[in-house]
Amino acid sequence: MGFLRRFIKIIGVIFVCVKTLIIASFTVRGYSAKARQKAASLTCQWAQSLCKVIKLKVHINGNISDFETGTLVVSNHLGYTDILVCGSIFKLAFAPKKEMQSWPVLGWLTSLNRPVWIDRKNQLSTAKTLEEMSVVLQDKVNLIVYPEGTTTDGLNGLLPFKST
């Protein structure tokens, strides 16, 4: 791929992210059911736009029109593109590791989704995390978790699931 194509994709990614940040900053306030639903919807639009910009084609096998809101989605985490794929299909909230909160740009962008942050270093926080997950699901927002807690190649089996 030529330099110009890469440059245009990078500009497109930046545009989509900045546009989403601006919209989220004005429309998503707090952690109410309505705010979480708006954030999940905005995340879906963001992921669909990014898939178009980077030319990531998503093929769905089966009928997802019966997919109900307030569903727990459990997935392998093969890389950052699976976030875009799942996010482009479902309006959802994420359950990322708490360390991501301090990451530049990505932590802030993720926080706009109103995620349930998982503190894997603090076993005592598990009950609170489960309660937060329950609230998200009761708010009729889909929640995706990656129980392996890290990315894998997806070919050589599953890693042990993180207890938290």
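Buried residues have under 20% relative accessible area, exposed residues over 50%, and partly exposed residues lie in between (1.4 Å probe, protein chains only). The model is predicted, so local features need pLDDT of at least 70 and side-chain atom pairs count only at pLDDT 80 or more, while totals for chains, interfaces and linings use all residues. Residues are numbered from 1 along each chain as its sequence is written, and side-chain values use heavy atoms, with hydrogens and water left out.

**View A. Leu-4 in helix α1.** Leu-4 belongs to helix α1 (residues 3-27); helices are DSSP runs of H or I with at least four residues, numbered from the N terminus. With a relative accessible area of 58%, Leu-4 is exposed.

**View B. Glu-131 in helix α5.** Helix α5 (residues 126-138) contains Glu-131. This residue is exposed, its relative accessible area being 57%. Between the C-alpha atoms of Glu-131 and Val-116 there are 9.8 Å, and the two residues are 15 apart along the chain.

**View C. The second largest pocket.** Its volume is about 200 Å³. A pocket is an open set of points on a 1 Å grid over the protein atoms alone, where a 1.4 Å probe fits, with protein on both sides within 12 Å along at least five of seven lines; lining residues have an atom within 4 Å of a point. Volume is the space filled by probe spheres set on the points, which are joined across faces, edges and corners. Of the 13 lining residues, Thr-69, Phe-90, Lys-91, Lys-140 and Asn-142 are the closest to the centre of this pocket. Helix α2 (residues 33-53) gives the most to the lining, three residues.

Note on methods:
Helix = DSSP H or I, 4+ residues; strand = E, 2+ residues; numbered from the N terminus.
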